[in-house]
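Trainee: I am new to this one and would like to understand the words used for it. Could you take me through them?
Mentor: Gladly; let us look at it together.

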Amino acid sequence: MKQQKPKQKIDYKGLTALLSGKVSDETEMERWDYCESCPFLSEKNRCDQCGCFMRVKVKFKKAFCPIGVWGKEE
Ligand code: SF4
């Protein structure tokens, strides 16, 4: 019998961040460094806390970490 994965919640506030501007390459890499070493990052680079795909989310100014590891850029 095939095991089903639990459904992940989608953080719609996080998704609206996709409509904002992008951060610099340095900020993107700094954020990604945090996520890459975070225990909540899944094998598919998805955050278990917000359900977002972090390789994309770290690019946007209004995006933020749901547990406060990194924040929005004003
Ligand atoms: S957004 Fe925050 S909780 Fe999610 S993987 Fe990145 S550092 Fe971890």
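Mentor: Helices (H or I, at least four residues) and strands (E, at least two) are DSSP runs, numbered from the N terminus. This is a predicted model, in which local features need pLDDT of at least 70, side-chain atom pairs count only at pLDDT 80 or more, and totals for chains, interfaces and linings use all residues. Residues are numbered from 1 along each chain as its sequence is written.

Trainee: How many helices and strands does the chain have?
Mentor: There are three helices and zero strands, and from the N terminus the order reads α-α-α.

Trainee: Where does N45 sit?
Mentor: N45 lies in the loop between helix 2 (25–36) and helix 3. N45 also has a positive phi of about 60°, although it is not a glycine.

Trainee: Why is N45 called partly exposed?
Mentor: A residue is buried if 20 or more other C-beta atoms lie within 10 Å of its own, exposed if 12 or fewer, and partly exposed in between, with C-beta atoms placed from the backbone. N45 has 16 other C-beta atoms within 10 Å, so it is partly exposed.

Trainee: What makes R55 partly exposed?
Mentor: R55 has 14 other C-beta atoms within 10 Å, so the label is again partly exposed. R55 belongs to helix 3 (residues 54–57). R55 and N45 are 10 residues apart in sequence, and their C-alpha atoms are 6.8 Å apart in space.

Trainee: And why does C35 count as partly exposed?
Mentor: C35 has 19 C-beta neighbours inside 10 Å, so it counts as partly exposed. C35 is placed in helix 2.

Trainee: Which residues is C35 in contact with, leaving aside neighbours within four places in sequence?
Mentor: Contact means that the C-beta atoms of two residues, placed from the backbone, lie within 7 Å. On that basis C35 is in contact with L41, C47, M54 and V58.

Trainee: What is around the ligand?
Mentor: A residue is near a molecule if its C-beta atom, placed from the backbone, lies within 6 Å of it. The residues around the ligand include C35, C47 and M54.

Trainee: How do you know where confidence is lowest and highest?
Mentor: We use pLDDT, the predictor's confidence in each residue, from 0 to 100. Its mean is lowest in helix 1 (residues 12–16), at 65, and highest in helix 2, at 98.
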